[in-house]
Amino acid sequence: MTTVYEFTPRYLEVDMQGVMFNGWYLTYVDEAMTHFIDTRGVPYSRWQELGVDVQLAHADLDWKAGIGFGDRVQVPVRTTRIGTKSFTLEFEFRRGEDVTCAVSVVYVVVAADGSGSTAIPPEIAAAIE
């Protein structure tokens with residue numbers, strides 16, 4: 001199942017080359033991930049109640065084309081792997097039918113008390129599956 005996050009780059013996010021600056025891609029990945037878990041019924045506040053948090057452990061970005069000021073961008077998000085303590089989400093930045101950037105992120109679930117990585121709670125695993 002795929003969840004789609006949508007946005008339009010703001011003026012301040014576009015660089016001198018007329019495209020969205022590369023640093024903003026991971027910011028929008030974070031926004032899309034938050035939207036993804038919200039729509040799956042396990043918003044960030046629920047993670048806190050379960051005593052866990054999540055940290056980005058690894059990201060791969062494959063940039064293909066620029067996104068300009070005023071472009072309407074869709075970011076489909078889907079789960080590609082669920083392990084015992086980590087999971088992988090894939091994001092595609094789309095302008096219409098064109099994929100402008102493909103991103104894969106490995107997230108590690110950590111204990112909210114700071115004690116380190118921990119098992120993904122079953123409620124979260126089921127929701128993001």
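1. Strands are DSSP runs of E of at least two residues, numbered from the N terminus, and two strands pair if DSSP finds at least two bridges between them. The model is predicted, so that local features need pLDDT of at least 70 and side-chain atom pairs count only at pLDDT 80 or more, while totals for chains, interfaces and linings use all residues. Residues are numbered from 1 along each chain as its sequence is written, and side-chain values use heavy atoms, with hydrogens and water left out.

2. In the hairpin of β4 and β5, two residues lie between the strands, and Gly96 takes a positive phi near 65°. Strand β4 (residues 86–95) runs antiparallel to β5 and is joined to β5 by 10 bridges; within this pairing, Phe93 has Cys101 of β5 as its bridge partner.

3. Strand β5 (residues 98–111) also pairs with strand β2 (residues 52–63), again in the antiparallel sense, over 11 bridges. Here Leu61 finds its bridge partner in Val103 of β5.

4. Thr3 belongs to strand β1 (residues 3–7). Because its relative accessibility is 8%, Thr3 counts as buried, a term that means under 20% relative accessible area with a 1.4 Å probe and protein chains only.

5. The side chain of Thr3 makes a polar contact of 3.5 Å with that of Thr39, and another polar contact of 3.5 Å links the side chains of Thr3 and Arg40. A polar contact is a pair of N or O atoms within 3.5 Å; within protein, one must be able to donate a hydrogen and the other to accept it, and residues adjacent in sequence count only if both atoms are side-chain atoms.

6. With neighbours within four places in sequence left aside, Thr3 is in contact (heavy atoms within 4.5 Å) with residues including His35, Phe36, Val75, Pro76 and Val77.

Technical notes: Helix = DSSP H or I, 4+ residues; strand = E, 2+ residues; numbered from the N terminus. Buried < 20%, exposed > 50% of the residue type's maximum accessible area, 1.4 Å probe, protein only.
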